[in-house]
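Please consider the following note alongside the coordinates. The points are set out for discussion.

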Amino acid sequence: MARAQGARAQMALAFESTYGTSPVGGYTKMPFATASLGAEQPLQASELLGYGRDPLAPMRDAITADGSIVVPVDTEAFGVWLKGAFGDPVTTGTGPYTHVFTSGSWALPSFTVETGLPDVPSYALYGGCMVDKISWQMARSGLLTASVEIVAQGETLGTASGAGTPATVDLQRFGHFNGSVTRNGTAIGNIVGAELSYSNTLDRVETIRADGKIEGADPSIAAMTGRIDVRFADTVLLSQAISGTSCALEFAYSLASGEALTVSVPRVFLPRPRREITGPQGVQVSFDWQAAQQTNGDPMVTVTLINGREAY
């Protein structure tokens, strides 16, 4: 008997024309590190009396389908997740192409994800998927990955793949070594770490249905937050936090071959942090920042991806 092996796991994704209707083709093979996307249905213990001390059979409760997928921050496939988080980009150029994703869209695309364990075989199809949150960390070293949190309509299990032969992507990853952080166009000195998180704050539409699935997931007020960790060497950031003024932060990655990923957050507010001295080592301060819509109504975050892919 074949046993499931994580090393043989597969994932394919295709965007839907109608929410919850899985496409019959057009899937793309997606690189990923881990996936907790799945459906669960808890049991409700019987509350009835009069049948002795042993309980009656439990009842099944509502089905919940969601989870997170850890993916590489790369030059091509990562744009698929950005489309899920922000909506369709504005694409310009003739190669390389510049894809610009902006926050604030009320019309977010849904997609179908299929995860497969061909050794068993066992395949799970998740229709009506939407990106609830996407986040990643910046550091000096290590593998650069992002966590994509997904809300799905439901799960369909089978013994054969429904994705056909998925298209492939040219996997070229960004690394922590390729990253930079700037404030108002100037590199921030003494920064030791950073974190970015964009949330659509999806609201599940939990209507009464015979199949136990949700009716949809509506985007609510978005949130762009994060953290920057710096060695305390000057009072520039602290002074901004105390004054309550905003600044522009930009988080960027670039490769020598021309591919680039830039996250621009033009209006960022910093909280006043606690400045602790915990020992003889250097003093480190963390700022948990929050972004806001620009004063002229422009988006609070713009993500620009430059690569050789013509469209998303």
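Is Cys 247 buried or exposed?

1. Cys 247 is buried, at a relative accessible area of 2%, where buried means under 20% relative accessible area, exposed over 50% and partly exposed in between (1.4 Å probe, protein chains only). Cys 129 is likewise buried, with a value of 0%. Across the whole structure, 0 disulfides are found, a disulfide being a pair of cysteine sulfur atoms within 2.5 Å.

2. On the basis of these values: the model is predicted, local features need pLDDT of at least 70, side-chain atom pairs count only at pLDDT 80 or more, and totals for chains, interfaces and linings use all residues. Residues are numbered from 1 along each chain as its sequence is written, and side-chain values use heavy atoms, with hydrogens and water left out.

3. The largest nonpolar core comprises 61 residues; such a core is a set of buried Ala, Val, Leu, Ile, Met, Phe, Trp, Tyr and Cys residues joined through side-chain atoms within 4.5 Å. Phe 78, Trp 81, Met 224, Phe 251 and Trp 289 have the most contacts inside it. Strand 11 (residues 122-138) gives the most to this core, with 7 residues; strands are DSSP runs (E, at least two residues), numbered from the N terminus. Another core, of 6 residues including Met 130 and Ile 214, lies apart from it.

4. Strand 23 pairs antiparallel with strand 9 (residues 97-102) over 6 bridges, pairing requiring at least two DSSP bridges. Phe 101 stands opposite Val 303. Strand 21 (residues 260-269) also runs antiparallel to strand 23, joined by 5 bridges, and Leu 261 stands opposite Leu 305.

Technical notes. Helix = DSSP H or I, 4+ residues; strand = E, 2+ residues; numbered from the N terminus.
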